[in-house]
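Subject: Handover of a structure

Dear colleague,

Please find below the structure that I am handing over to you.

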Amino acid sequence: DLSSSNRVDGALLARLEQQWLNLLERRTRIQRTLGCTCLVLASMKSQRVIQRLLDLALESSYDDSFLGTLALKRLGAPEAITTELIKRARHSSDDDYEGPKRNIAKVIKELQNARVVNLVFDEWRALASDDPIRQRFEDLLGSLDRSLLNEELHRIRSDTADVTRSADADRALAESISWEDNAGFPSRSE
């Protein structure tokens, strides 16, 4: 793990990170794979690394999308990655979101854990029920493993002192059955 080593000069780390990021821009898959591998093995988890790996994961090309998603999964930063995905889901125009939405759901599914559920749930509940962006977060919640989603929503409902958050968890539990049936998203069995 180069990023936590105090024996490697910060300037050198920055140059290595940039060189590995540059490999992601290359034409050959071997070079992009090498860049991803180096970034993951060195535990490079800066925001620009996460953003660039997400760009790769959200590509329309299956090979690039698979490579980026695998690198994000192995990077071991699900909360930081989910936070970046939430920003993209929230702030993308409908046209910009439509193309990569299936890949966004695949990335979320690969990263899923209780904290990821909470991050997406909190974003969902922060949006007004008539806000069209809220549908995107329903889709993301619907792409998660049903047992994990239900378990976490039940935990939120019973463990929180915040009555509004508890009621939102109840509403999410009731609505979640319809979320997983959204067209264009991978089924839980994929």
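The model is predicted: local features need pLDDT of at least 70 and side-chain atom pairs count only at pLDDT 80 or more, while totals for chains, interfaces and linings use all residues. Residues are numbered from 1 along each chain as its sequence is written, and side-chain values use heavy atoms, with hydrogens and water left out.

Overall fold

The protein contains 11 helices and zero strands. Here helices (H or I, at least four residues) and strands (E, at least two) are DSSP runs, numbered from the N terminus. The order of elements from the N terminus is accordingly α-α-α-α-α-α-α-α-α-α-α. The radius of gyration is 18 Å, close to the 16 Å that the globule rule gives for 190 residues, so the protein is as compact as a globular protein of that length. This radius is taken over C-alpha atoms, and the rule is 2.2 Å times the number of residues to the power 0.38. The C-alpha trace spans about 50 × 35 × 30 Å along its principal axes.

Of the 190 residues, 46% count as buried. Buried means under 20% relative accessible area, exposed over 50%, and partly exposed in between (1.4 Å probe, protein chains only). Among contacts (heavy atoms within 4.5 Å) with a separation of 6 or more, 70% are between residues 24 or more positions apart.

The protein has 28 positive and 32 negative charges, and their mean positions are 6 Å apart. Lys and Arg count as positive and Asp and Glu as negative, whereas His and the chain ends are not counted; a charge is placed at NZ of Lys, CZ of Arg, CG of Asp or CD of Glu.

Aromatic residues

Three aromatic pairs are present in the structure. In the pair Tyr62 and Phe66, the ring centres are 6.0 Å apart and the planes stand at 20 degrees, so the pair is stacked. Rings of Phe, Tyr and Trp (its six-membered ring) pair if their centres lie within 6.5 Å; planes under 30 degrees apart count as stacked, over 60 as edge-to-face and the rest as tilted. Both Tyr62 and Phe66 belong to helix α4 (residues 62-75), where they are four residues apart, about one turn of the helix. Tyr62 counts as exposed at 59% relative accessibility, and Phe66 is partly exposed at 41%.

The rings of Trp124 and Trp179 have centres 5.3 Å apart and planes at 65 degrees, so this pair is edge-to-face. Trp124 lies in helix α8 (residues 114-126) and Trp179 in helix α11 (residues 163-179), so the pair ties together parts that are 55 residues apart in sequence. Trp124 is buried, with 0% relative accessibility, and Trp179 is buried as well, with 3%. Together with Phe121, Trp124 and Trp179 form one aromatic cluster.

Two serines

Ser43 sits in the loop between α2 (29-41) and α3 (47-57). Its phi is near 55 degrees, a positive value in a residue other than glycine. Ser43 counts as buried at 16% relative accessibility.

Ser166 is found in helix α11. This serine is buried, with a relative accessible area of 16%. Leaving aside residues up to four places away in sequence, Ser166 touches Arg157 and Thr160.

With kind regards
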